[in-house]
Each structure stands twice: as structure tokens, then as C-alpha cells.
Amino acid sequence: MSLVTTYLCLAGAILTEVIATTALAASEGFSKPLPTIISVVCFVAAFWLLSFPLRTMPTGIVYAVWSGLGIVLITAVAWVWAKQVLDLPALIGMTLITAGVIVINVFSKSEGTGALGMSADSQEQTCSAAKSTSAKCQ
């Protein structure tokens with residue numbers, strides 16, 4: 001799986017989790033069928049999409065990006081859609097979460113990762129797995 005595909009899957013996981021959480025709030029305790037169905041389907045899709053970056057990236061990095069950006073996006077959706085007002089400390093907190101995600105992805109070398117959180121070992125393991133299933137490795 002290429003780095004671009006990995007990050008697209010992670011972005012998809014984040015977006016489907018945001019949709020699922022928004023629908024969960026609209027389901028009013030699972031009493032409304034359509035938002036309930038949307039929530040369940042999107043949570044399943046979010047976890048399925050999240051499984052792909054976990055194949056090649058450290059779990060901590062994937063979870064930090066997924067949860068951090070998910071928190072910020074859910075808060076933004078609630079601010080725009082439900083008119084939930086954010087005060088200055090909340091805005092500062094969201095800025096710090098976003099900054100943390102950026103720092104992790106650009107500068108972190110944790111668990112043998114380089115820039116963008118993918119190690120050479122992970123790339124090599126992915127290529128070996130691809131070759132063993134007769135797929136081409138880039």
C-alpha cells in the first residue's frame with residue numbers, strides 16, 4: 001500500500017467517524033432509525049478504513065492522528081451545524097491538538113518512523129507481503 005493510499009484511508013476513517021458521531025447525536029439515543037443506521041454503518045466503515053494504516057504505521061501515530069483530527073472536526077461540525085459555541089480556551093485547545101498532530105506527522109521519529117510516520121521496515125514488510133500475494137510493489 002502506498003503512502004498516499006495509507007493517508008487516504010486514514011482520512012476516510014476520520015471523515016466516516018465524524019459522520020458517524022454526528023449521526024449518533026442526531027439519533028437521540030437510537031430512537032430515530034435513519035441516523036442510527038447511518039451511525040452504525042459509518043462506524044463500521046471508519047474502523048475498516050482505520051485497519052489499513054495500522055498495517056504500515058505505528059498504532060500510536062495512527063491513533064493520535066485519527067483521534068486528534070476527529071476531535072477537531074467533530075467540534076467544528078457541532079459549532080457550524082448545531083450552533084454550539086466555543087469559548088477561547090476551547091479554541092486554544094483545538095489549535096494545540098491540531099499542532100500536535102502536525103508535529104507527530106512531520107517531526108516524530110517514534111518507533112522507527114521517519115517523516116509522515118512510515119518506517120522503512122514497514123514499507124519493506126508491505127512490499128514483502130505484496131510480493132507473496134503476486135502483487136507488484138512500488
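This is a predicted model: local features need pLDDT of at least 70, side-chain atom pairs count only at pLDDT 80 or more; totals for chains, interfaces and linings use all residues.
Local features here need pLDDT of at least 70 and side-chain atom pairs count only at pLDDT 80 or more, while totals for chains, interfaces and linings use all residues. Residues are numbered from 1 along each chain as its sequence is written, and side-chain values use heavy atoms, with hydrogens and water left out.

Me: How far does helix α1 reach from its first C-alpha to its last?
Reply: Helices are DSSP runs (H or I, at least four residues; strands are E, at least two), numbered from the N terminus. Helix α1 covers residues 3-26, which is 24 residues.

Me: Which elements do the buried residues of α1 pack against?
Reply: Buried means under 20% relative accessible area, exposed over 50%, and partly exposed in between (1.4 Å probe, protein chains only). In α1 the buried residues include Thr6, Cys9, Leu10 and Ala13. Contact means heavy atoms within 4.5 Å. The buried residues of α1 pack against α2 (33-51), α3 (53-56) and α4.

Me: Which residue does Glu28 form a salt bridge with?
Reply: A salt bridge is a side-chain nitrogen of Lys or Arg within 4 Å of a carboxyl oxygen of Asp or Glu, and the count by this rule is 1. Glu28 follows α1 and has a positive phi, near 50°; it is exposed, at 52% relative accessible area. With the closest N and O atoms 3.3 Å apart, the partner of Glu28 is Lys32.

Me: Which helix gives the most to the nonpolar patch?
Reply: Patches take residues with over 30% relative accessible area and no salt bridge, joining like charges within 9 Å and nonpolar side chains (Val, Leu, Ile, Met, Phe, Trp, Tyr) within 5 Å. Areas come from the Shrake-Rupley method with a 1.4 Å probe, and for residues only the protein chains shown count as cover. This patch, about 600 Å², is made by Trp79, Val80, Leu88, Leu91, Ile92 and Leu96, and α4 (59-81) and α5 (88-107) each give two or more residues. The top giver, with 4 residues, is α5.

Note on methods
The expected span of a helix is 1.5 Å times one less than its number of residues.
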